[in-house]
Amino acid sequence: MNTYFKRQLADYVEYHRNPWNGVMHVFGIVFLFLAAILPLSLWSVHAFGIRTTVAPILVLPVLIYWFLLDAPLGTAILGAAVMLLSIAAVIVNYASAAGVWSISVVLIVIGIGFQIIGHRLFERRQPALMDNPSHLLLGPMFVMTKLFIALGFRHDLAVIIERVPQPAPRSSSSYAEEHQVEPLPRS
């Protein structure tokens, strides 16, 4: 596994400790991915002698990135992406362009809503991407990692995901600052 991915995942996990926030992210990420590819699925192009849409062409670089971070997780995300691209194709075939854009807007609002609720209500912390914008691309990897762990796979990643942070000692200044109390006087 890529050590860069391990470091990024460990940092991302610090913003996603609450299990309900994780649940909100599953739905939020799926809705936001679908919202992003729906309008792109309206735009038909010919590439390499086949008729396709812009959606899979623009999704391909990020799928390669995820695969390079971790091949098994990237492969699983590829499967999920194929399913979501297929769903987008069905929606585009049955809805008007205005309908597709309307669905996309609703999915964006719901997806962002899930993210905000997860962080504000359950995590009580700002989203990870506010401190590190590259975390935008780690969300799907985090969700897939959680799924793999739940299915009994990837014990190597469970060590990172399920690590419990150690609280700072009461007399340390970081504890005092974090909990807005005066540090204990030193004798």
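Colleague: Which helices each supply at least two residues of the lining of the second largest pocket?

Modeller: This is a predicted model, and its second largest pocket has a volume of about 320 Å³. Of the 15 residues that line this pocket, the closest to its centre are Ile-29, Val-30, Ala-80, Leu-84 and Met-144. The helices that each supply at least two lining residues are H2, H4 (71-94) and H7.

Colleague: Which helix gives the most to the lining of the second largest pocket?

Modeller: The lining of this pocket divides into 15 nonpolar, no polar and no charged residues. With six residues, the helix that gives the most is H4.

Colleague: Against which helices do the buried residues of H4 pack?

Modeller: A residue counts as buried when its relative accessible area is under 20%. In H4 the buried residues are Leu-73, Gly-74, Ile-77, Ala-81, Leu-84, Leu-85, Ala-88 and Val-92. They pack against H1 (3-13), H2, H3, H5, H7 and H8 (155-161).

Colleague: At the start of H4, which residue has a side-chain oxygen that reaches the backbone nitrogen of Leu-73?

Modeller: Leu-73 is one of the buried residues of H4. Its backbone nitrogen has within 3.0 Å a side-chain oxygen that belongs to Asp-70.

Colleague: Which helix gives the most to the lining of the largest pocket?

Modeller: The largest pocket has a volume of about 690 Å³. Of its 26 lining residues, the closest to the centre are Ile-29, Leu-32, Phe-33, Leu-136 and Pro-140. The lining divides into 20 nonpolar, six polar and no charged residues. With seven residues, the helix that gives the most is H2.

Colleague: Is His-16 buried or exposed?

Modeller: His-16 is placed in the loop between H1 and H2. The cut-off for a buried residue is under 20% relative accessible area. The relative accessible area of His-16 is 4%, and therefore this residue is buried.

Colleague: With which side chain does the side chain of His-16 make a polar contact?

Modeller: Leaving aside neighbours within four places in sequence, His-16 is in contact with Asn-21, His-25, His-119, Glu-123, Ala-128 and Phe-142. The polar contact of its side chain, at 3.3 Å, is with the side chain of His-119.

Technical notes: Residues are numbered from 1 along each chain as its sequence is written. This is a predicted model: local features need pLDDT of at least 70, side-chain atom pairs count only at pLDDT 80 or more; totals for chains, interfaces and linings use all residues. Side-chain values use heavy atoms; hydrogens and water are left out. On a 1 Å grid over the protein atoms alone, a cavity is a set of points where a 1.4 Å probe fits but cannot get out, and a pocket is an open set with protein on both sides within 12 Å along at least five of seven lines; lining residues have an atom within 4 Å of a point. Grid points are joined across faces, edges and corners, and a volume is the space filled by probe spheres set on the points. Helices (H or I, at least four residues) and strands (E, at least two) are DSSP runs, numbered from the N terminus. Ala, Val, Leu, Ile, Met, Phe, Trp, Tyr, Cys and Pro count as nonpolar, Asp, Glu, Lys and Arg as charged, and the others, Gly among them, as polar. Buried means under 20% relative accessible area, exposed over 50%, partly exposed in between (1.4 Å probe, protein chains only). Contact means heavy atoms within 4.5 Å. A polar contact is a pair of N or O atoms within 3.5 Å; within protein, one must be able to donate a hydrogen and the other to accept it, and residues adjacent in sequence count only if both atoms are side-chain atoms.
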